[in-house]
Amino acid sequence: MNHATVVRTITAATLLLATTSPATAASTRSAATGDVQQAMDALAKTPGVVGAIGGAYADGKPAGQGSAGSRLLDGKGGTIPANSRFRIGSQSKQMVATVLLQLVEEGRLGLDDKLGDLLPEVAADGLVELADEITVRQLIQHTSGIPDWFHKGSSTTPAFDVFDFTTYYRPIDIVKMTRGWPRTGAPGEKFAYSNTNYTLIGMIIEKVSGHTLADELNRRLFRPLGMTRTYQLTKPPQGIKGPHGHGYYPDSTGRLRDVHRFNASYGNGAGGVVSTTHDVSAFQRAFTQGRLLPPSLQQILTPPPAGGGGQQGPGLCGGKLKGDMPGGSAPGLTALTFASADGRRQFAISVTVSTADTRSVIPAMIKAVEAVLCPVN
């Protein structure tokens with residue numbers, strides 16, 4: 001996978017390092033953990049990185065934390081607290097899909113139910129083309145053919161105003177952004193990543209459950225898993241609570257602007273969760289260990305991964321350490337979490353950036369993961 005593909009994949013959602021397999025468990029039990037602070041120090045030297053935090057966990061217990069760089073641009077603001085909150089971007093999709101599949105397990109809806117039946121408002125006037133043919137399963141697995149509101153076509157530039165921090169857009173307003181855009185294929189034809197799928201999933205969860213998406217995430221995941229510092233953003237001016245890293249993005253003149261108040265409207269089901277290295281690792285541990293869904297429904301997400309292209313790879317540590325690495329990014333940030341296939345080890349990283357081009361940042365993040373999880377003795 002070349003750097004451009006890696007960037008697109010991790011921005012979209014998930015980089016899959018290897019197929020989850022019980023055979024990988026032995027390789028993770030005896031693995032050592034490298035120096036997290038040292039890995040963050042190296043990562044923070046990458047051009048475009050403002051600050052970086054990381055947290056490693058083994059069997060649910062801390063195995064190292066680190067923070068490097070600065071909270072604000074140009075070395076200002078001190079370091080980012082290693083236990084601070086950060087936006088997890090498209091890692092949210094795996095959580096949102098888990099909630100939806102729990103509703104499927106409860107018989108509240110089915111994987112083959114049609115989008116047009118569940119949300120008649122998006123079928124009206126052709127707002128979502130072929131809504132009467134698109135299934136819940138296709139939305140989850142990004143095979144619906146619905147265009148992505150984040151990027152139009154092959155453009156890498158956001159299709160919305162990155163610097164509109166105050167206007168509230170309803171989920172259906174976000175969907176309307178794609179009206180008239182070319183579809184990426186017929187329903188079920190092929191994988192084509194689209195944030196719009198998960199905006200619609202968030203709407204379905206609220207319609208079926210009768211509760212807000214934030215409430216359902218809290219009730220079903222955050223509270224039961226002890227994710228006490230995690231929450232779902234819903235409307236501006238909501239942002240990240242407590243001291244945190246600030247990311248920056250160039251405007252049309254090239255001037256870097258602080259985007260830590262990135263508009264909460266754009267999150268919804270597609271990427272609205274704020275978490276910590278501890279909490280996102282707790283979710284990954286529970287998910288990987290099969291504690292959130294029955295095997296038949298968990299397989300809807302693995303593989304293909306929630307929001308990712310299902311790219312298979314050799315794993316870490318020369319192929320000895322297998323697992324998934326969900327990732328997500330938005331203007332000013334990139335975050336990822338490695339989770340070993342047996343659910344025993346996790347390593348979460350959040351990076352704030354001052355560039356629109358993260359082609360050098362993401363490989364550096366993966367290098368940091370390997371430095372921690374594959375230390376050279």
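The legends below describe an overview and close-up views of a predicted model. Local features rest on pLDDT of at least 70 and side-chain atom pairs on pLDDT 80 or more, while totals for chains, interfaces and linings use all residues. Residues are numbered from 1 along each chain as its sequence is written, and side-chain values use heavy atoms, with hydrogens and water left out.

**Figure 1. Overview of the protein chain.** The secondary structure comprises 14 helices and 11 strands; these are DSSP runs numbered from the N terminus, helices being H or I with at least four residues and strands E with at least two. Of the 377 residues, 59% are buried (under 20% relative accessible area, with exposed over 50% and partly exposed in between; 1.4 Å probe, protein chains only). Among contacts (heavy atoms within 4.5 Å) with a separation of 6 or more, 74% are between residues 24 or more positions apart. The chain exposes about 14600 Å², and carbon and sulfur atoms supply 51% of that area (Shrake-Rupley method, 1.4 Å probe; for residues, only the protein chains shown count as cover).

**Figure 2. Strand E11 and its burial.** Strand E11 covers residues 345–353, and nine of the nine are buried, so the strand is largely enclosed by the rest of the structure. Arg-345, Phe-347, Ile-349, Val-351 and Val-353 point one way, and Gln-346, Ala-348, Ser-350 and Thr-352 point the other way. In a regular strand the side chains alternate between the two faces of the sheet.

**Figure 3. Partners of strand E11.** Strand E2 (residues 49–58) is joined to E11 by nine bridges in an antiparallel arrangement; two strands pair if DSSP finds at least two bridges between them. Gly-54 lies opposite Ile-349 of E11. E11 also pairs antiparallel with strand E10 (residues 333–340), over seven bridges, and Ala-335 has Ser-350 as its bridge partner. Four residues separate the strands of the E10 and E11 hairpin, where Gly-343 has a positive phi near 80°.

**Figure 4. The open sheet E4-E8-E5.** Three strands pair antiparallel in this order. E4 (86–87) and E5 (231–232) are the edge strands, each with a single partner strand, so one side of each has no neighbour in the sheet. Two bridges connect E5 to E8 (residues 273–275), and Tyr-231 faces Val-274 of E8.

**Figure 5. Helix H12.** H12 (residues 277–288) reaches 16 Å from its first C-alpha to its last, close to the 16 Å expected, which is 1.5 Å times one less than the number of residues. Since 11 of its 12 residues are buried, H12 is largely enclosed by the rest of the structure. The buried residues include Val-280, Phe-283, Arg-285 and Phe-287. Gly-290, which follows the helix, has a positive phi near 75°.
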